[in-house]
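Hi,

Here's the structure I said I'd pass along.

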Amino acid sequence: MQNRHKIGAPPKIVVIGGGTGLSVMLRGLKEKPMDITAIVTVADDGGSSGVLRNELQIPPPGDVRNVLMALADTEPLLAEVLQYRFNSGTGLAGHSLGNLMLAAMADITGDFVTGVRELSRVLAVRGRVLPAAAQAIVLKAEMADGSIVIGESMIPKAGQAIKRVFIDTENAHALPEAVKAIEQADAILIGPGSLYTSIMPNLIVPMLAQAITESCAVKLFVCNVMTQPGETDNYTVSDHMNAIEAHIGLQLFDYVIVNNGEISPQVEAKYAEMGARPVAIDLEAIRSKGCEVIADRFVLFQTFLRHDAERLSHHIYKLVENWMIRKR
């Protein structure tokens with residue numbers, strides 16, 4: 001579907017994923033003159049999100065909370081309070097205040113999606129945050145040995161290579177607002193985040209997948225800096241792309257954004273102890289898919305390796321801006 005962009009209006013960008021990587025990137029993107037819609041996974045079934053999901057029969061709030069906070073225009077202390085996680089108290093331990101607020105908003109407004117919308121308004125969120133579906137999704141994985149693992153939190157612990165992930169599609173209904181946002185997008189950005197448990201759960205929701213493949217928007221993939229134990233062991237950049245292609249049915253991306261910044265031997269050693277290593281950039285394999293590679297020093301290290309949100313968002317904005325100029 002061809003989007004008709006109004007001259008002079010900020011580009012509409014849809015960002016799809018979940019997890020910490022997505023939130024970090026959005027903190028940079030919200031400073032750019034872009035109309036942002038974040039579509040967030042509802043497959044999480046661990047920790048506080050899993051408890052609230054099971055007990056209150058709502059979509060898991062954790063990833064949505066992180067994205068709301070990334071896009072919110074709030075005082076730092078308020079952000080810290082909403083991210084605060086109780087470490088004691090019967091029934092409270094492990095829950096973050098933001099998760100509890102989302103659960104309360106869902107109850108007060110009558111449904112989770114409206115609750116997210118209202119909390120977005122309270123927090124002065126720059127853009128829109130939409131769950132991929134109005135109900136929680138049960139993620140399943142077929143492993144290399146043919147076994148089936150049920151539950152997002154269990155998949156990386158299975159000790160087997162992942163062949164594919166899937167959902168019971170009859171119980172997974174894409175949020176209509178999310179589908180519409182994709183149809184109207186000038187750019188669709190996928191990643192970073194856990195490939196099989198944060199990114200794929202969005203891409204395999206039937207109507208979302210169809211809208212993405214039919215969209216004429218420029219499509220960008222931000223690859224993770226490091227492999228993830230239990231999900232992408234020894235994966236190269238093109239391996240990430242091949243996995244998405246296998247689930248979607250075609251090659252999606254116009255641009256692939258990768259980190260070529262140096263990671264110190266000390267940091268590499270720290271991650272190696274956890275079974276992770278830098279994602280290798282196999283340029284020929286990527287380019288054979290017709291993708292343009294954007295490589296830069298996108299990595300920062302504090303306690304953990306993270307994308308440099310400012311540098312990454314600068315590249316994304318320029319790519320989208322140039323793409324739209326060429327399409328006029």
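This is a predicted model: local features need pLDDT of at least 70, side-chain atom pairs count only at pLDDT 80 or more; totals for chains, interfaces and linings use all residues.

Let's start with Lys-30, which sits in the loop linking helix H1 (19-29) to E2. Its relative accessibility is 15%, so Lys-30 counts as buried, the cut-off being under 20%. The side chain of Lys-30 reaches the backbone oxygen of Ala-70 at 3.0 Å. Leaving aside residues up to four places away in sequence, Lys-30 touches Ile-36, Ala-70, Leu-71, Ala-72 and Arg-126. Arg-126 is 96 residues from Lys-30 along the chain, yet their C-alpha atoms are separated by 6.4 Å.

Next up is Asp-44, in the loop between strand E2 (35-40) and helix H2 (47-56). Asp-44 is buried too, but has no salt bridge. Which side chain of opposite charge is nearest to Asp-44? That would be Arg-53, 6.8 Å away. Arg-53 is still among the residues Asp-44 touches, along with Ser-49, Pro-60, Asp-63 and Glu-152, again not counting residues up to four places away in sequence.

Last, a pair of helices. H3 (residues 62-71) packs against H5 (residues 97-109) at an angle of about 105°, and their axes are 9 Å apart. That angle makes H3 roughly perpendicular to H5. On the H3 side, Gly-62, Val-64, Arg-65 and Leu-68 are the residues that meet Gly-98, Asn-99 and Leu-102 of H5.

Cheers

Conventions:
Residues are numbered from 1 along each chain as its sequence is written. Side-chain values use heavy atoms; hydrogens and water are left out. Helices (H or I, at least four residues) and strands (E, at least two) are DSSP runs, numbered from the N terminus. Buried means under 20% relative accessible area, exposed over 50%, partly exposed in between (1.4 Å probe, protein chains only). Lys and Arg count as positive and Asp and Glu as negative; His and the chain ends are not counted. A salt bridge is a side-chain nitrogen of Lys or Arg within 4 Å of a carboxyl oxygen of Asp or Glu. Contact means heavy atoms within 4.5 Å. Axes are lines fitted to C-alpha atoms, for helices over the stretch in contact, and angles run from 0 to 180 degrees between N-to-C directions. Angles under 35 degrees count as roughly parallel, over 145 as roughly antiparallel, 65 to 115 as roughly perpendicular and the rest as oblique. A polar contact is a pair of N or O atoms within 3.5 Å; within protein, one must be able to donate a hydrogen and the other to accept it, and residues adjacent in sequence count only if both atoms are side-chain atoms.
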